[in-house]
Amino acid sequence: MTTEDVKKIVLDIIADVAPDEELDGLNEGESLRDQLDLDSMDFLDIVMELRKRHKVEVPSEDYPQLATLNSCVEYLTPKFA
């Protein structure tokens with residue numbers, strides 16, 4: 001799976017968790033929570049959807065690695081291999 005595939009997966013999940021948020025023009029290196037006004041429950045929903053849809057486990061100690069779109073893709077790409 002390519003990094004673009006993983007990015008699309010992450011964006012699709014965010015679109016479902018926060019349907020009112022505009023995802024076009026995201027700064028991929030900036031905090032998703034700050035850009036999209038995501039709260040901690042939204043973030044946990046994203047992690048749960050990764051597990052439910054794609055069987056990807058993200059331990060709580062790794063949550064900081066999901067802060068930006070770039071870091072999400074970097075962290076998750078090997079898990080989809």
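This is a predicted model: local features need pLDDT of at least 70, side-chain atom pairs count only at pLDDT 80 or more; totals for chains, interfaces and linings use all residues.

## An exposed loop residue

Asp37 counts as exposed, because its relative accessibility is 64%, and exposed here stands for a value over 50%. The place of Asp37 is in the loop between α2 and α3, and its phi angle is near 55°, a positive value in a residue other than glycine.

A second residue can be described in the same terms. Lys55 is found in the loop between α3 and α4, where its phi is near 60°, again a positive value in a residue other than glycine. With a relative accessible area of 68%, Lys55 is exposed.

## The overall build

The protein has four helices and zero strands, so that, from the N terminus on, its elements run α-α-α-α. Its radius of gyration is 11 Å, close to the 12 Å that the globule rule gives for 81 residues, and therefore the protein is as compact as a globular protein of that length. The C-alpha trace spans about 30 × 25 × 20 Å along its principal axes.

Of the 81 residues, 38% count as buried, while the accessible surface of the protein comes to about 4,900 Å², with 48% of it belonging to carbon and sulfur atoms. When contacts between residues at least 6 apart in sequence are considered, 51% of them join residues at least 24 apart.

In soluble globular proteins, nonpolar side chains tend to be buried together. In this model the largest nonpolar core holds 25 residues, and the members that touch the most other members are Leu32, Leu50, Val58, Leu66 and Leu76. The elements that give two or more residues to this core are α1 (3-17), α2 (32-36), α3 and α4, and the largest share, six residues, comes from α1.

## The buried face of α4

The buried residues of α4 are Leu69, Cys72, Val73, Tyr75 and Leu76. Seen down the axis of the helix, these residues fall within an arc of 165°, so they line one face of α4. The buried residues of α4 pack against α1, α2 and α3.

Is Lys7 itself buried or exposed? Lys7 is buried, because its relative accessible area is 14%, and the limit for this class is under 20%.

## Around Thr68

Thr68 is found in the loop between α3 (40-54) and α4 (69-76), and with a relative accessible area of 14% it is buried. The side chain of Thr68 reaches the backbone nitrogen of Ser71 at 2.9 Å, and Ser71 lies in helix α4. Leaving aside neighbours within four places in sequence, Thr68 is in contact with Glu28, Gly29, Glu30, Ser31 and Leu32.

Not counting residues up to four places away in sequence, Glu30 touches Gln35, Ala67 and Thr68. The C-alpha atoms of Glu30 and Ser71 are separated by 9.6 Å, although the two residues are 41 residues apart along the chain. For Ser71 and Val58, which are 13 residues apart in sequence, the C-alpha to C-alpha separation is 13 Å. With neighbours within four places in sequence left aside, Ser71 is in contact with Gln65 and Leu66.

Key:
Residues are numbered from 1 along each chain as its sequence is written. Side-chain values use heavy atoms; hydrogens and water are left out. Buried means under 20% relative accessible area, exposed over 50%, partly exposed in between (1.4 Å probe, protein chains only). A polar contact is a pair of N or O atoms within 3.5 Å; within protein, one must be able to donate a hydrogen and the other to accept it, and residues adjacent in sequence count only if both atoms are side-chain atoms. Contact means heavy atoms within 4.5 Å. A nonpolar core is a set of buried Ala, Val, Leu, Ile, Met, Phe, Trp, Tyr and Cys residues joined through side-chain atoms within 4.5 Å. The arc is that of the directions from the helix axis to the C-beta atoms. The radius of gyration is taken over C-alpha atoms; the globule rule is 2.2 Å times the number of residues to the power 0.38. Accessible areas come from the Shrake-Rupley method with a 1.4 Å probe; for residues, only the protein chains shown count as cover.
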